[in-house]
Amino acid sequence: MRATNVALLSGAISLIASCGPPAHGELPRPSGSSLAGPAEAHVGALPAPGPDRVPLGAVSPVALEASLAPISGSARALAYVDHAGAQALVARVIGPDGPTGRPFVIPRAHLYAAFESPEGALTLATVEGGRPCLRALDADLVGPPTCIDAAPDALVSVGATLLALELRPPEPPEEPEAQKDKAKPAAKPQAKPAPKKGGDKKKPKKKPPMTQKKALERLMASGAEVELWTAPVTRSDGLGEATSSGLVFRQAMAGLGFIGAAARGERVDVVFYERADPKGKQPRGKIGVAGLDALGQHDPATRRSFGESKLEPGFLADHVDLRLVATGDGAVLLGQRGPRGKCDVTVIAPFIMQMIPEANDCALDPGRFVTLARAKHKGEVPALEPASTLDRARARRVFGQASWDVARSTLTKARAWTFDGATLVSLRGAPEPKKHTHPLEVSRLRIVWGALAPDGSGLAQLEDGLAIIDSTGRVSSREGPPARRLSGPDQPDAASASRTPAVKVGSTWWQARGELAALFPSRGAPLRALPHDTAVAVGGAASGLVLELAPPMLHVDRLEASGAPKPLGARAVPIAPGFDAIQRGAGGAIVVGARADDRSRLVSFVVAADGAMSTPRDVPLFEGAATQVSRVRLVPLPAGGALLFDVGRTRVAWLDDDGALVKAASLPAAVPPAAPCVDGHPAPAKIPSLTPGELLDFPSRTEGTCLSSELVHAADGSVRWLGSTTDGASSRAELGLVKAASSGLPPTKPPAAPALQALAPGAARRCPTEMVLVGDDLCVDRYEGALLDLGAGHYLSPDYPATPNLMAAALGDWATRRELQGDLLARALPLPSLSQWQRAATLTVAADSRAGVRPSAYVTGSTAKLACEAAGKRLCTHLEWKRACRGQADTMFPYGSAYEDGTCNVNVLVHPAAILHGNASVGHMDPRLNRVAGPRGGSVLHLTGDNPRCASRWGDDAIFDMVGNLDEWVDEKGGAFAGGFYARGTTSGCESLITAHPPAYLDYSTGVRCCKDPAP
C-alpha cells in the first residue's frame, strides 16, 4: 500500500498556524511487508532473588493507571498501559466476568486495536519501530509480529479478514490511445536575453508576510479530493494488493477527512468529513457515510450525508471530535456540539437517525441509542436495561480522560467497561455497576538512582526513602524525602543524563550533583548548588573535594565528612562543561572531560587532596575520530585508577591513578532486551575486567537484570551494582553482588606522584557556572531550560504546560482526541506520561539549564519570566539574546556567516502536526508533538546539547541551540520569542524573531532560556 500523501499547507507563519509554519514535506513511508521479531512471553511473577541478589526492601502491590480498549467483534476487552517514550506496552485481557489470564508485555510497542475472528482467535494491531504490526494473542502469550511498511488510515475486521483502508489522491483518468499518439508540436526556441551591463544588481523583492485573513482562507480551502483504497492484511502474508474501493469525496479541509470505519457482519461502515457547498462566503462541511462489502468495494447506494455546519479551523462547528462506536447490531457516531459542548449523537447503522441524548448514555452506554433507534424505526417500545447510576464524572476509559468528554466506556458484545475512579467496573444488567479486581496490579519496589563507593558500600534512592548498603552487602533503610534536583522514577532522560549522584566521604554520604547536601547518616539542608554539567563532589577516605568549572577556571573546595566545604583555590584548565571526576586511589580526584577548544578530544588530569593539579594530558579514547564526547562517565577502580566510558557506551578506557590511558577497547553494541526495564537500563552483555583491555561476560546476567548505578569492582574482589530485577511490569530494587568475577591487576602506577602545580586564589565567579559570560556584562544559560518544581525538587514533564489549568486542559483535550486524527500510526501514538505528583501539586517553577535532557516546551511567556526569576535570573531582552546568539565572532549563525543545513535543529523537513493531524496549522497543544520521530533518528525535539556545532562561542565557552530546537521567550513589550524551533522554515539564524503572540501564549515550540547580570 502506498504511503499516505498528507496535504500540507504552503502559507507563511500566521496566528492560525500558531507559529508553526507549513512543513516542507513528511517522513517517507515505503510500501511492502515483512515478518520480523521473536514471540513475546507473558509477564510472570518476579523470580525469587538468587544468591547474588540482595533485595533493598519488600515489594508492594501497585495498581497501574490503565486504559481500556475494545476487542472488535468480541465479548472481551483489553486493559493496557501505554505512553509515548515508554519502554513497553503492558496489557491484559478482560473477559465477560473480569480480568483473565496474566498481563503480557511487548517491548517498544504502541497499541492501535485488537480483533477477534469468528473462530475466537485474537489479533493485536500495534505500531512497532514506526510500522503497523499484527500479533497473535493466545491466552496470555503473544506471537511474533508481522509488520508492514505502509501507513493506512485504519484497519477493520470483516469476518475472518482484516482490511487496511487508506485515503489517496484520485488516480488521474487514463488518456485515450488516440490522444497519446498525437505528436506534440515542437517548442519554439527561446532567445536568450542580452546580459545587462554591469550585471543585475537588483535584489529580489521580499514577499510580504501572509495576513491572518489570507492564511485562514488558505486553511479553509485546503481540503483535497481523496479516494479510498483497501487491501487485505494477514499475519502470514502481511499486506496484500491494494485496490480502489470506488469511494471518492473531498475532505472538509486538510486533516479533516476520515473519521472511522466499523464492521457489521460482511459490511464495513465508513464515516468521513466532506466539503459542503458554502453559504455566501462561509465555508461549510458535512458528515458522509458509505458502505463497503467484504472485499472492500463501495456500494454507491449506501452513500449518505448529514450534519452540515460551519467549518472552523480544524473542526466542524456543530460536530466536534466525532468517534465511531460499534455495537453488535449497529453503530453510533458520538461527538460534541462545539468544543466541550453537549453530546452529539447520530446512529449511522443500520440506518441514519440523529438522537436526543441522555448525558449518562453518551458517556457510559452509547449502545442504548442503537436499541432506541431500532425500536423507533419499527414503531415499537424499546426493551432497555436499567440505566447505570454511575456518576459519569468519575468514569474514564483512558489515561487522563476529562470529565466532560463523551464515550467514557469501552463496549463489548456483553458489557460496557470503565474505571470508576481507580476501580474497574462493568455496566448493563443492573443499575449498580459491578466491581472487578484491578486488571493491571503489579508488584514493585522502585529504585530512582544508586551510587557505590570503591569499598563496596552504597546508597540507593527508593520511592519512599534511602537504602543503605555497607561494605559487606548488608542492607538497611531510612524513610524520608528523596534527594532533590536529581531525577524522579518517571524521568528517564534526567536519570540517564546524571553522573554519580552521591559520594562517600569518611562515613558520610553526600549528594554529588544538583545540590551539595548530607544524605546519611543524617539528612542535612542543602549547602550549595552543584550545577549538573559544571560541578561535582568527589569522595575520599578522610576528605573529599568539590570541583566547579567556571570556564576556564576550575575552583576546588575541600569537603570534610561534616561541615561546609573549604575553598582551596582555582586554576585554568582546558576542559569543557560535561566533565566527570571520581575519587583517586592516592587521594584527591581524577578528572576527565572534553577539551574546551575541540570537543571531540578528551583530556585528563589529577587534583591532589590539597587542590594542586597535574598538567592535562590527552586521552585518545577514540583514536583521533571526531566523535562527540562532551559527556563522559568515570568509575573508580578499587586500588586506584578508573574506567572511562563515553556516554553512548561504545568505548571503554582503563586509566591509571594519574589519569593516563593504559588501554582502550570497543564495547559490543547493546541488544534491546525482550523484557524492558521498569527502572534503569538493561545490563550490558560485556563488562571491563580489572585487566586492561579485557572484557568479561556480565556476571549472573538474566533477561530482567537492570542497572540504576555504575557497575563497580569493589575492594573485596566482588562486582557490585544497584538496580532491579524486572519482568516488564513488576520490579524489585536490588543489590547485585558477585564474587571473583574478574582477574588480573588494576591499572595503577607506582606511588610516585605526578608533578603538581599549586592553586591560585579563586577569583569571584561573575556568572553562575551553568551560564556563559557574554562580553563583560551579561550571563546567559548554556542550554535551553528544563522546568523544575522547587518545592518537590523534581523536574516537570517537558510535554505539558507547567500551569496547572493549562496542563489539565491539554491532558483532557488529547486523552481521546489523539485517537481521532491522522493515520493509523498517528492514532496509535499515546500521550506521554504525566506523574501523579505533578497533577496534584502546587508548583513553584524554576528554569534549570543542563545538558542531555529534554527541554521544557509548552511554556508561556509569563511562566518563562517567573521561572527565570525563581532561579535568580531574568528573561533576556531581544538585543541581549541576539548578541549572545551571534557569538564573539558576531555572525548571523552560531557557527558562522552562512546557513548550514542540519547544523542546528531548525528548518527540518517534517512538521509534527502534519504527521499527527494531517495539517501543520492545527492541534498545537497536543502533548505528543515533540515525540514524533525526526528525519535523522530520535525525536524531532533534541536533547539539550545534542547539536554540538550549533554553539555560539564566547571565549573558552559556548551557548548551545540558540537557533532551533525550541523558540525561546525574550523580554519584549507585547511578547516575543526568538531563534526558531525545529520545524520553523527559517534560515534567518540569530535574526529569527516572532512577535505575533502575547506572553499568555504557548504551544509545543515555546521554551525558555535565562539571562543574568554578572557580578562586579
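**Close-up views of a predicted model**

**View 1. Helix α4 and its span.** Helix α4, formed by residues 367–378, contains 12 residues, and the distance from its first C-alpha to its last is 17 Å, close to the 16 Å expected at 1.5 Å a residue. The coordinates shown here and in the other views belong to a predicted model. Just after α4, Gly379 adopts a positive phi of about 75 degrees.

**View 2. Buried residues of helix α4 and their packing partners.** The buried residues of α4 are Gly367, Arg368, Phe369, Val370, Ala373 and Ala375. An α-helix has 3.6 residues a turn, so residues three or four places apart point the same way. The elements against which the buried residues of α4 pack include the strands β24 (320–327), β25 (330–336) and β26 (343–349). Also among these packing partners are β27 (353–355), helix α3 (359–364) and β29 (410–411).

**View 3. The open sheet β43-β44-β45-β46.** Four strands form an open sheet in the order β43-β44-β45-β46, and their pairing is antiparallel. The edge positions are held by β43 (535–538) and β46 (566–572); each has a single partner strand, so one side of each is left without a neighbour in the sheet. On average, neighbouring strands of this sheet are turned by 20 degrees against each other, direction ignored.

**View 4. Pairing of strands β45 and β46.** Strand β45, comprising residues 553–560, is joined to β46 by 6 bridges, and the two strands run antiparallel. Asp557 stands opposite Pro567, a residue of β46.

View 5. For the protein, the mean pLDDT is 87, and 90% of the residues reach 70 or more. Over residues 1–42 the pLDDT is below 50, and the model gives this stretch 153 contacts beyond near neighbours in sequence. Over residues 183–204 the pLDDT likewise stays under 50. For residues 183–204, the model has 0 contacts beyond four places in sequence.

**View 6. The protein as context for the close-up views.** The secondary structure of the protein comprises 11 helices and 75 strands. The protein has 1016 residues, of which 57% count as buried. Of the contacts between residues at least 6 apart in sequence, 61% join residues at least 24 apart. The protein exposes about 39600 Å², of which carbon and sulfur atoms supply 54%.

Key: Residues numbered from 1 in each chain as written. Predicted model: local features only at pLDDT ≥ 70, side-chain atom pairs only at ≥ 80, totals over all residues. Heavy atoms only, no water. Buried < 20%, exposed > 50% of the residue type's maximum accessible area, 1.4 Å probe, protein only. Contact = heavy atoms within 4.5 Å. Areas by Shrake-Rupley, 256 points an atom, 1.4 Å probe, with all protein chains shown as cover. Pairing = 2+ DSSP bridges. Axes fitted to C-alpha atoms, helices over the stretch in contact; angles between N-to-C directions. pLDDT = per-residue confidence, 0-100. Expected span 1.5 Å × (residues − 1).
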